Each structure stands twice: as structure tokens, then as C-alpha cells.
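Hi there,

Here is the structure I promised to pass on. Have a look at it first, and then read my notes below.

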Amino acid sequence: MRKGTIFSQTMKIRFHHILLVTILLSWLGAHAAVRPFASSRIHGVVTDSVTGEPVEFATVFLIGTGRGELTDEKGRFDIHTNLSFDSVEVSAMGYNTRRWGVIPQSDVMFSPMISPIGVSLGEVVVKPKKEKYSKRNNPAVDMMRRIRRDRDLHSPLEKENYNYRKHEAISWAYNEFQTGDSLHPSALVKQFPFLRGYVDTSEVTGKPIVNLIKRDKISDFYRRTVPSTSEKEVVLGLRNAGIDGFLDEESMQRFYEDVMREIDIYANDVTVLQNRFVSPLSAIAPDFYKFYLTDTITIDSLRCAELTFVPRNPLNKGFTGRLYVDINDSTRFINRVLLHVPRDINLNFIDAIYVTQDFARAPDSTRIKTRDDMVVEARLVPGTPSIYVRRTTDYSDHNFEPATDPSIFERLGRDITVTDVYNREDAFWTDFSSDTSDATARVDSMVMQMKRVPLYYWSEKILKILIGGYISTGSKSKFDYGPVLSTVSYNDLEGLRLRAGGMTTANLLRRLFLQGYGAYGFKDRKWKYNGVLEYSFNDKKYHRSEFPIHSLRLSHLYDVDKLGQHYLFTSPDNGILSISRISDKLITYHRVSALEYTLELRNNFSTKLKLQHERQEASRYIGFTDGYGNRHSHYNMSSATVELRFAPGEKFYQQPGGARKCINFDAPVFTLSHTVAPRGILGNRYTYNVTEASFQKRFWLSAFGAIDAKIKGGHVWSSVPFPNLLIPNANLSYTLQPESFTCLNPMEFINDSYVQWGMTYWANGVIFNYIPLLKKLKLRESIMFNGIFGHLSRRNDPSLHPELFGFPAEANVQRMRSNLPYMEAAFGVDNILNLFRVDYVWRLTYRNNPGACKGGIRFALHISL
């Protein structure tokens, strides 16, 4: 209920930073797509030569390219490549495999017909007629279930100790790069002619690419299960180069690793690009997928059965792909995994995803992963250039011995970074990495040339402001201006409000930081201001809020206080929030001086101790009048607060101003705080004791989406003036704001005890995917349900205690009944134009309160995959 702190200013993010970096690529190359790239495309429909029916899930393979794909449920295929080929092979279960000679051209329409045969596979005989799929008595389903049943027999996670070395390489590239010719160069080459010298060929797709981002990480992984399960990753070296150099280095490393997360095929759900997919080895896989035994092939001298799977509904979050299973192994050991996404899947911006995983046997038959390769082809808008993203992870030096340094398990946090991890010499990368190419140096050289071009230089500056909210004042800026979105705003007390401010950076002093702003209201004709002096006990790279924080902070503020409108995830003077459904005059002034000590640990446990003196001052709209008729111009509250926060596994993107945007959505977050203000201390007229706690987490529902849930509560243990009671946050804007009530008016309810909940269900098209028009538009459903149980005790009722200030008449404060919570619900249509969410919100209770908002349409910018 109180204002958000640095701990509570955690903001959710799905694809925003991928999008913003991709915007830069698309903007620079927008004209490059005018003339299509001269690549080979072959597409068509595979049909049954007897019935003429489409053959679903047939394999179409371009001989000599390594490229191929499965046909969809309508027999369609569409393959692009820049590699040379002279024939096409088509195979399917129950049909003769055939090969045709084809001359590669820019666009080849090819519709092969394959003849059916009877093929015996175990206990099933496939007849030459249209398939009638059944999971019963299906040897492919039986094989899948056996693999799942025996998945722990060879798992390295069952060992007492498990260690290995890992080399992870992540690259972003401009895909299908078009240079044109010497007489007619492409528009992009006209702007950046030097790009001709940086063109490479994708090993996976065969398309010409220009690498724009290159990141490498070398680390050692250690795991033990005795005395308790613990995992540590010791990062030995990091290097990066690319167009994302203007973003926070460590935050982007965490972001890329989470978005391109390693896949565990044996889990029930697989996380890809921050979306949950149903694993082909999930408990619900037999009902979600169709399984086929399609072939037998040799992999590394092992004879393997090819287990093919496709989702029953291609729009749902599932894969098409194959598992290659050792025929001679009774436990069905998997040697290779191939995963793709269906062409019609309800994903934004994604053209294709390719995943390959290779496994090998250790001498004791333990299953060890040797390589994990993921490729994503993405495009913001059809017709614009696409982006090629690849993450390769090579694993080596597997062993099952105790760690050579057991003390690493005593250190806080999962990830341990050695000193000078970003300053490794070339010899280090030569020794530990099998990649001896100069890809990183080439990208670095290319970006240096791009920065000399004005179009790129200013594009980078604009994106940096959009992401960080601050404007740098030099190449090694010592002072950043911002946040820019708070420069102009409006409210009923101040009228038009102008604000200017900024903060120093580590380029001035590495441990001492200044931050502040000045603001002026043209209606109340008053200046407001805020000043912060913060000393960090550890060196910072750029700004004061870098993780982990260990600091002492002194601040003083004089500004307006919007009672009942303490937004937790945005600045209160954000200009967008100035457009509101009703006027709001429930605003006071306050002066706040605070001394704060903050300690964050590597395991995401945080402690904050704060001493604060606050002076609440009456405005022309809100006064402080007690039950005896005495008017007070102000009152003081000097308090001490302790805040605890624990978020195991949390990853976030750190913004310069202190806000943190959540990268992963799996981590639970616990908070607990208590504030005490003894009466008679430093002018306190009242004793103030308040305790608040909260818990939040995302709960994944596999193929059925996810629920974001938060519950919090609080209790005031003493008699205090109404601004210090627990007032539910009202949202007067037309945008959706987290942890606030859309249809509630400010100060409509005032409590000294409350329990509040908020739930949003992201259905991901669980219904819309079956409605023809809606599934074509890739719309998705969202359902929101928020509420609060509140109570105002007799000790805080001004009508019973005249020493307390009376509630403002303008607020129309209402009593909340003990058996009826305030509740509101919303149904939303998400993913409109891949950008927007529109909700209709209903007020479910207390609909007859004076001035009650009974419902309305609200909007949000919601960008996700």
C-alpha cells in the first residue's frame, strides 16, 4: 500500500529488449527488402498418388543441403536455401520413398505424389489409405512412454557429483543479407558499403548473414546432491562485441541466456524464448502430440529408430520433430533430438526455430549432452529484413568426481564470476574454445565503422534513451539527464508540471553518486525538488543501482503526494498517466528526509534499513482537521523501517534510474517489512506501527498458459492519521497498471488491515486457436481478477477518536463490509497487431458507491512472443 521502493520497482518483460534491438536492425535495413534476395525457394503440397489426399508430416529433403522439413497437416512445405542442390527426396510412413531431380530457381512450385505401400512396424501395419490416428496400440506412443519411464536410469543428475565445462556462444545476425551488384547495390549497402566485407553463410540455413552481435562464455559447472542438492556455475571468461554495446553489459548477458535457455527434453515443459512448450516427453504428450515411427537411420555407428512427433493442433505451443533412439538399448537411449515449430504456431515475429541436441554415453552408460544448438529466425513485420539468432553450447570434460574446490558450494548465489572475467587474453579463448575464428573481432571492427555513419549513430542514441530513460552527456558521460518521460506532466493541484533532473555516473566517481530533480507547477506556483547522495561500498561500472547494491543513501524530497495513487511500477509524474477518467484533488505536499542502508546478497536476499522523517503538509484541497475543529497545516512522522526481500533465481535487467525489469518469470518473490514511529520522538504526535508482507509468482499451466499471482497483506497496530493508513491503489488512467484497481476511486476505502490479491491468466489462445478468424489473427485471451478484503478498526475511526484527523469530505470514504471484499474482473484480447492488449474491466462489488466507476475499456502496450 505504501510507495514502492527499489525492491518493489520490479517490472515484467517478455520480448521488449529483443524488440528494441531488432527495431534498430529493421530501421537501418528497411529499404533493403525492396528487392527480394535471389535465393532458392521450393514449395508445394505432397499428395497420395492413389487418393489425391495431402500427406501430412512427410519429410521433404533437399539432397546436398542438409535442409528439410515436415509437411503440415495439409501436406504443405516451404523451404528456402542458398545452398546448391539437384534433387528432392520425399518420404513418409506407409509410402515409398522417392527422389526427383529439380533445377534450383528463385521460386520452384513442386507438388510431388508418393505411392502408398503396406509397411510393417512392430505390431502395426500401415495400410494404403488415409490415416486414422490412434494413440492406443501405437508402438510409437509406447516407445515415447518407455523413454519417459526410464529417463532417470542414465541421467547424470542422479549421480552424487556431476561436473563439466561449457562453452556457450550467442550470435545475432542480419539474415538473408542482400548486397545487390556493383551497378545496383542494395539500399543498406549504399548506407554501409563496408558491410560487403562482413558477409558470412549460416551453417544451418545456408543463407547469407552479417553478424551484428557476438557473445561467448566459458564456464565450469558443478553439481552435488550430498549433503543437499546444490549447483554452481563458475564463469571463467566472457567476451562480447556488437550493436548492443550501449546496453548494460551484465543485464544483457542474463537476458540472452534466459531467452535462449538450454532445453531439457526430459522435462514436462520446455522454455523457449520465454514461452512454455509442451515437451514431447511430457506426461500429457500422448494427448498433445501425434507420434509415428518413421524410419531407422545410423548415427555415429548406432542404429536408431526415428520417432517423429507433431502437435495435434499446430497453433498450440508444441514442436514438430524427431527423437533418434538406440534400437539395441532396452531403456531407449536418445542419441539425438531435432525440434522445430509448426508453421502456423501462435508465436509473434518468429519465422522458424531449429533445435539440435546430441547425446553420448559415458563409460558407465550415463547420458551426457555434448552439444545443444538453437537457431531462431525472426521478423518484426512481413517484408522487412529478418534476424538470425543462434545459440550453440558445447559440453566437455564430463566427470562424476567431487569438486576440486568444495568451498564453492558455500558461496552465495548459483553463478560465481571470477575476477577480470571480461579481460581475458586471446590465448585464453584459444585454449578453452574450439572456435578459433575471428568472429568477435570482425563484429567489433564492423560496429566501429557503423558508428561513423550518422544514421546509425543517432539511431543508437534514440534507442538508448527509449530503453534507459536517460540522456548521456558524452561518450564517457559523467552526468545523465532524465528520466525524459517525466519532463512534462499534469495534475489537478499543480496544473502543468515541468521537471528536469539527472544523476552522476561512475565515470565521475565510482562509489559516490548524486541524483536529483527540480519541478515547477504552473497552477500552484511552487517548486518541488529531490536530492540524493549515495555512497556505495563496492565499485560501480556506470550507475549506482547496479547489482548487488551495498550502499548508504541520504535523500531529501519536497513534492506532491497523491493519496491512494502510489504507482509501484512507474514514476508518479509520468506524462502518460496525466490522461485520467476523473479529476483528482486528493493531493497533499510532503517533505521527506531519509537515511537508508541497503545490502543485496548474491542469492537475491536483500535487506534495507531506513530512518525517515516525513512532514505531511495540507494543500488547498486536502486539510488536516481534527475532531475538535482544529486545523493543522502539517504533521510530522519520524520512523524506522526494516525491509526484507528474497527472490531465489530471479534475473532482471537493470535500468540506470534504479528500476529493474524482470527477465525470467519463474522466480518466487517474498517481501516483509515493518515500520515503527514512537510517539513523542522528533515531533511525532502519533505512534505508528505497520507490518506488510507479500508473495508473488508465475504458475505455468503447460499447454494452457500461465497465471501471474500476487497476494499481500498488512496491518496497522496503532492509531494514526489517515494518510498513514492502508489505502488501496486506485488507477485513474486508461492504461492497465499492476497492483492497482482500475475501477476504484482514490481513498474510496481506507483500512488499517487488508489482504489483497491479483491474478492474471494468460491463456495463449487456448480458446481462440480453435476459432478460424481469431486464430488467423493470432489473438490471445487474458483474464484478470483482483480484489481486497479490508477493515478499519475502531481505534482508527475519526468519528470515535477526535484526536485523529477527519477523512476529507471530497474523498467520499466508504466502509468496507467484513463479509464483502472489493473485487473487479476483466476479460482481455491480447496480441492485437502483436503489440496491444485491450481489456474490459467490470467492478463486481460496491457498484452503488458514490461516483463509482462500474466498468470500462483499458489499454496496455504488451509485446511478447
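**Charges over rings**

The charged end of Lys526 sits over the ring of Tyr589, at 4.1 Å from its centre. Arg367 does likewise, lying over the face of Tyr266 at 3.9 Å from the ring centre. (A charge sits over a ring if NZ of Lys or CZ of Arg is within 6 Å of the ring centre and within 35 degrees of the ring normal.)

Before you go on: this is a predicted model, in which local features need pLDDT of at least 70 and side-chain atom pairs count only at pLDDT 80 or more, while totals for chains, interfaces and linings use all residues. Residues are numbered from 1 along each chain as its sequence is written, and side-chain values use heavy atoms, leaving out hydrogens and water.

**Aromatic pairs**

Rings of Phe, Tyr and Trp (its six-membered ring) pair if their centres lie within 6.5 Å; planes under 30 degrees apart count as stacked, over 60 as edge-to-face and the rest as tilted. By this rule there are 37 aromatic pairs. One of them joins Phe192 and Phe194, edge-to-face, with 6.0 Å from centre to centre and 80° between the planes. Phe624 and Phe722 make a tilted pair, at 6.1 Å and 55°. Phe624 lies in strand β36 and Phe722 in the loop between β43 and β44, so this pair ties together parts that are 98 residues apart in sequence. (Strands are DSSP runs of E, at least two residues, and helices are runs of H or I, at least four, numbered from the N terminus.) Both Phe624 and Phe722 are buried, that is, under 20% relative accessible area, where exposed means over 50% and partly exposed in between (1.4 Å probe, protein chains only). Ring pairs also link Phe624 and Phe722 with Tyr635, Tyr686, Phe805 and Phe807 into a cluster.

**Salt bridges**

The whole structure holds 51 salt bridges, each a side-chain nitrogen of Lys or Arg within 4 Å of a carboxyl oxygen of Asp or Glu. Arg390 and Asp373 form one of them, at 2.5 Å from N to O. Arg390 is in strand β25 and Asp373 in strand β24, 17 residues apart, and both are buried. Asp244 and Arg215 form another, at 3.3 Å. Asp244 comes from the loop between β16 and α4 and Arg215 from strand β15, so the bridge ties together parts 29 residues apart in sequence.

**Helix α8**

In α8, the buried residues include Tyr456, Leu463 and Ile467, whereas Pro454, Trp458 and Leu466 are exposed on the other side.

Enjoy exploring!
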